[in-house]
Every structure is written in structure tokens, then in C-alpha cells.
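Open the structure in your viewer and keep the sequence panel beside it. This tour moves from one selection to the next and says what is to be found at each stop.

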Amino acid sequence: MAEVMLKERRAAQVTRAVLPLGQILDGDCVEAMRGLPDACVDMVFADPPYNLQLGGDLERPDGSQVDAVNDEWDKFDSFATYDAFTRAWLAEARRVLKPNGSLWVIGSYHNIFRVGATLQDMGFWILNDIVWRKANPMPNFKGTRFTNAHETLIWASLGEKARYTFNYRAMKTLNDELQMRSDWVLPICAGQERLRKDGAKVHPTQKPEALLYRVMLATTNKGDVVLDPFFGTGTTGAVARRLGREWIGCEREEAYRAAARERIEMALPLDESALTTMQSRKSAPKVAFGVLVETGLIAPGTELTAKKGKYRATVRADGSLLADGIDGSIHGVGAKVQGASACNGWTFWHLEHEGQVKPIDAIRQLYLLATEP
């Protein structure tokens, strides 16, 4: 078993070594992805053409023209042509994704339902649809429809039983200790974040970094490889660099590639401590208090304190505590001395370490860092 795992790890290292990490691949995304090995990326984030050609120019009440998507890359002869294109890039996305990887696709009502049906037909398993509700949407100037104030993201795995990544605790922490919902209120890309050249938008549908930040923080881990087949001006690359993820982009428009390179170069990676995110209880490594004792991180005889010295306990060689004749685990003794029904001993008990009083959980984190693969 160990030999098989070693071979798999070596194979993964070889595959990773040949990947064009941190590069924007030129040309058609389908052809570009065909040059990548099988099962080599952890997540695909796709912002494909919406196929949303508007009928004629659209003007604001003051007579100024609204920026619309009229670029060649968003033009398709028919729904059938668009569907064939969707199947082609989804097939490559499925091939390059690792078995436990995941796919994100964002779109509007013009295309997201067609994309969703296609990916289901191809065997993807939809995990959630996320509504990105725009905090500052563009009004409907003609007054003929509701204001289009949202876009939809589909999050999918390769199959119903795939063991995809979901950093539940990180999302709950991000949302003030409430479960993260599937409706996200975030502003559209504007202000200094919106890339402009000679006063005009560089890209008509540039996505806000906050959106990609949440997607990446939720469903990838540090060092994971993220592929964006429709790279545009590099939002995915910029956020990946900040969060310590690797990235690969595909983009056929040179103007977008140039803007993306400049933008990503300016993105400042977060430091190591900032990149540490909350893990779910299910995925967090199990560490017994006794392990810290037997490895010498906390010596037998060490005195622990709580509630500013109100409670004191002594660590024993087997990892149990003794406090005023009460003995047991860090949790059990903590509960008994307080007369409480339960206690999280990791945060309740403290000790002096390097001249500071710290919760014993700080020592557990040191152990986890030291033993990280």
C-alpha cells in the first residue's frame, strides 16, 4: 500500500513539473487544454462567452451609450453552434480535472441553463448553483424588463461520489460564524479594480476579485492548481497568486493577455500566517493532547492555568490533568472545575510559552505545522 501511494505521489510530481504553471496559453482554449496532461488540475473556473448579443445600441437616459458585449469572441451563429462549443471545452475540462477536482461556471440567463444541461449530460454532478446578487447592478434603461441584478454560478464535481474540496469552516468564519448561503451579495467590478485603457474598459465582463476569492477559498487549498479556460484580464490569476494557489490561463486575445500579465505581476501574495484557513472538524487532523506530551512539546509536570489563574492543573505523563484532586482529560477536567457540562480544553487551558501565555491549542498548531506533509 505504501509503495502504491509513493508511486502515485511521484507520478503527481512529474505531472506537476510539466505543467505551464503561471502561464497564459495563447489561442483557442480547447486546443490549449488539449496540450495539458490528464487529471492535472484541482479546479476549473470558467467564465465562457455568454452569447448575449444585444439588438442595436443601448443608450442611457442622458443619451450616452451603454457598454455592451459586441466582441467577436461572443458571437455564435446559432444555439447549436454555441452548444457544440460548450461540449468541446467541457470535455477538455473534465479530462484535465483530478478525480476529486471541481468545476465552476459563471453565466447569465442567456447561456447558463444551456451550459448546465450540457454539463449534466456529460456526467458532471451539480453541487450548488450560486446566485451572485450584484450590490450595484446596471439599471434597465428602457424600462421594459426587470433590472438584471444577478448572475449564476454552477459548482459541480466529476460525479455524485467524488470527494471534492469544501472548506466549510473557512466559509463559516468568513460569514461571521453563520453558514455561507448560496446567494452572495457582492459589488460588480468598478473603481480602481476595473481595468481601463484610454478611458475605455479593457474587458466588458471583468469579474470582481471578491467573487473569485470566495470561490477559491471555499473549494481549493494552498498549492492547488486552478485552470481558467477564459482567462480574460486575469482575475483568476491575480486572486490565485494572493491565496497561494497555482494557476494556468487560456486566452486568445493579446490585449487581454497583456493586461492580465501586468495585473498579476502587481498582485501581492498573502503571507503564510494569513493563508491559514479554518478547517472543518471532519477534515482537521486529529491530535490527542497526549501526543504533545510524548513528543516533548508539553512536558509532564507543566502547570496549566485558566481564567486568569483561577484554575490550575498539572500535566501528567499520560496526557491527563490533575486539578484539586480531579483528574481526567483536558476537556473533562476543564468542565469539572467550572461545574460545566462541557469544555473545550484546547482553548480553556493556557501555559507559558516563549515568554507569553498561550492557549494549549497554539502548541497543537505548532505540532501540525511541524508534521505537515
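**First stop: helix α6**

Select α6 and colour its buried residues, which are E209, L211, L212, R214, V215, M216, L217, A218 and T219; buried means under 20% relative accessible area, exposed over 50%, and partly exposed in between, with a 1.4 Å probe and protein chains only. Nine of the eleven residues of α6 are buried, so the helix is largely enclosed by the rest of the structure. Helices (H or I, at least four residues) and strands (E, at least two) are DSSP runs, numbered from the N terminus.

Before going on, note that this is a predicted model, in which local features need pLDDT of at least 70 and side-chain atom pairs count only at pLDDT 80 or more, while totals for chains, interfaces and linings use all residues. Residues are numbered from 1 along each chain as its sequence is written, and side-chain values use heavy atoms, with hydrogens and water left out.

**The whole chain**

Zoom out to the protein chain, whose secondary structure comes to 13 helices and 16 strands. Of its 373 residues, 41% are buried. Among its contacts (heavy atoms within 4.5 Å) between residues at least 6 apart in sequence, 66% join residues at least 24 apart.

**From α6 to α7**

On the α6 side, the contact is made by E209, L212, Y213, M216 and L217, and on the α7 side by T235, T236, A238, V239, A240, R242 and L243. These residues divide into eight nonpolar, two polar and two charged, where Ala, Val, Leu, Ile, Met, Phe, Trp, Tyr, Cys and Pro count as nonpolar, Asp, Glu, Lys and Arg as charged, and the others, Gly among them, as polar.

**From α7 to α8**

To see where they meet, select T235, G237, A238 and R241 in α7 together with R263, I264 and E265 in α8. By class, this contact of α7 with α8 has two nonpolar, two polar and three charged residues.

Is R257 buried or exposed? With a relative accessible area of 7%, R257 is buried. Not counting residues up to four places away in sequence, R257 touches I24, D26, G232, E251 and R252.

Next select G27, in the loop between β1 (23-26) and α2 (29-34). G27 is partly exposed, with a relative accessible area of 23%. Leaving aside its neighbours within four places in sequence, G27 is in contact with E251 and R252. The C-alpha atoms of G27 and E254 are separated by 9.3 Å, although these residues are 227 apart along the chain.

**α3 with α4**

Move to helix α3 (residues 79-96) and helix α4 (residues 112-121), whose axes come within 10 Å and cross at roughly 50 degrees. The helices α3 and α4 are therefore oblique to each other. Here F79, Y82, D83, T86, R87 and L90 in α3 meet R114, V115, T118 and L119 in α4. The contact of α3 with α4 has five nonpolar, two polar and three charged residues.

**V293 in α10**

Select V293, which is placed in helix α10 (residues 289-294). At 6% relative accessibility, V293 counts as buried. Apart from residues up to four places away in sequence, V293 touches I298, P300, V315, R316, A317 and G319. V293 and S320 are 27 residues apart in sequence and 9.6 Å apart in space, C-alpha to C-alpha.

**Last stop: two cysteines**

Finish with C40, which counts as buried at 3% relative accessibility, and C343, buried with a relative accessible area of 17%. How many disulfides does the structure hold? The structure holds zero disulfides, a disulfide being a pair of cysteine sulfur atoms within 2.5 Å.

Definitions and conventions
Axes fitted to C-alpha atoms, helices over the stretch in contact; angles between N-to-C directions. Parallel < 35°, antiparallel > 145°, perpendicular 65-115°, else oblique.
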